[in-house]
Amino acid sequence: MPGPTKYLRHLALTAATAAGLSLLAAPAASAAPSPIDHPVRTTGCHRPSPVPAGTTTLRTVASGGLVREYTVHVPARYQPSRPYPLVLSFHGHKRTSKYQEELSGFSAYDAISVYPQGLVGTDGESAWTGAPYSAAADDVLFTSDLLNTLQRELCVDSRRIYATGKSNGGGFVGVLACRLPGRIAAFAPVAGAFYPQGGECHPSRPAPILDFHGTSDTTIPYAGNPAKGLPALPDWLAAWADRNGCFSRPIQYSPKTDVTVQRWLGCSLQHYRIEGAGHVWPSTAPNNDSATPTVINATPVIWNFLLAHRLR
């Protein structure tokens, strides 16, 4: 990843400066805003796009007294009269929105693809809420505020908003599944870091989830890490099966060698277990995570799963 240190220092300075300014400007008795966990009407249709179609553009949005950054890619043939699905793709610990765009590749799809940038956390690296090393900012509120802005500016299909992410970003997607399932239609964490700092999970509705994890992941072990509070993947999935009202035991099959798919009946919960895969975004070609390909491409599988779901 080219130049991450300089970029992250810039983010830290931006956040600190914005925080200082906001303290001066904030009304003393103003109530703290809350994330919106229900569909919001899009008002950005039939308006010119504020960003060039077919390119990825760096933008900012105010949230929680901070100036937050994200990049957005609008399809080359974007039509402001047509509602588009929106995919939020969250980077991992120490990474950037640019890295996540290259890694996940959602900008190649017919959707509004958004890559939020995490703030510098307690270890001097970018991170998301839910990890022990994240900044004190409320990233769930940031996500809600970001969606508000995007729906004012672009023709977003409010029933087809999705979230995916890798590692710490995948763990944050798990937090969003707990906190914003009334606003986001489906969730797809990859190699997710589901730390207990994500808080209690009481979703307002069943959250459709597709999860990917490699059995040889040494960063976020498949069997969990009790010292860090990381659950074993079967335990994390069982908890979601219970929340979503699924049958307790999944059916499973193997579409390819070294890939086991588990599906829970009675709900929308799926898991891809990849034998021998490490802490990677699975891809049959080398990518930013690894020069060693895996046996399956996660992105098209995620895309098809997400599009199968919409809020009612």
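The model is predicted. Arginine 68 is buried at 1% relative accessibility. The count of aromatic pairs comes to twelve.

**Arginine 68**

- Arginine 68 sits in strand β2, which spans residues 66-73.
- Its relative accessibility is 1%, and buried means under 20%, so arginine 68 counts as buried.
- The side chain of arginine 68 makes a polar contact with the side chain of aspartate 139, at 3.0 Å.
- The arginine 68 side chain also reaches the backbone oxygen of glutamine 117, at 3.4 Å.
- Leaving out residues up to four places away in sequence, arginine 68 touches Arg59, Thr60, Val61, Ser63, Gln117, Gly118, Leu119, Trp128, Ala137, Asp139 and Phe142.

**Aromatic pairs**

- A pair of aromatic rings is described by the distance of the centres and the angle of the planes.
- Twelve aromatic pairs are counted in the model.
- For phenylalanine 106 and tryptophan 281, the ring centres are 6.4 Å apart and the planes stand at 85°. Planes over 60 degrees apart count as edge-to-face, so this pair is edge-to-face.
- This pair links distant parts of the chain, 175 residues apart. Phenylalanine 106 is in the loop between α2 (97-104) and β4 (112-116). Tryptophan 281 is in the loop between β12 (269-274) and α6 (298-307).
- Phenylalanine 106 is buried, with a relative accessible area of 1%. Tryptophan 281 is buried too, with 2%.
- The rings of phenylalanine 212 and tyrosine 272 have centres 4.7 Å apart and planes at 20°. Planes under 30 degrees apart count as stacked, so this pair is stacked.
- Phenylalanine 212 is buried at 0% relative accessibility. Tyrosine 272 is buried at 7%.

**Aromatic cluster**

- Phe90, Trp128, Phe142 and Phe172 form one aromatic cluster.
- Among the residues that arginine 68 touches are Trp128 and Phe142, and both belong to this cluster.

**Arginines over rings**

- Arginine 82 lies over the face of tyrosine 84, at 4.2 Å from the ring centre.
- Arginine 243 lies over the face of tryptophan 240, at 4.6 Å from the ring centre.

How values were computed: Residues are numbered from 1 along each chain as its sequence is written. This is a predicted model: local features need pLDDT of at least 70, side-chain atom pairs count only at pLDDT 80 or more; totals for chains, interfaces and linings use all residues. Side-chain values use heavy atoms; hydrogens and water are left out. Helices (H or I, at least four residues) and strands (E, at least two) are DSSP runs, numbered from the N terminus. Buried means under 20% relative accessible area, exposed over 50%, partly exposed in between (1.4 Å probe, protein chains only). A polar contact is a pair of N or O atoms within 3.5 Å; within protein, one must be able to donate a hydrogen and the other to accept it, and residues adjacent in sequence count only if both atoms are side-chain atoms. Contact means heavy atoms within 4.5 Å. Rings of Phe, Tyr and Trp (its six-membered ring) pair if their centres lie within 6.5 Å; planes under 30 degrees apart count as stacked, over 60 as edge-to-face and the rest as tilted. A charge sits over a ring if NZ of Lys or CZ of Arg is within 6 Å of the ring centre and within 35 degrees of the ring normal.
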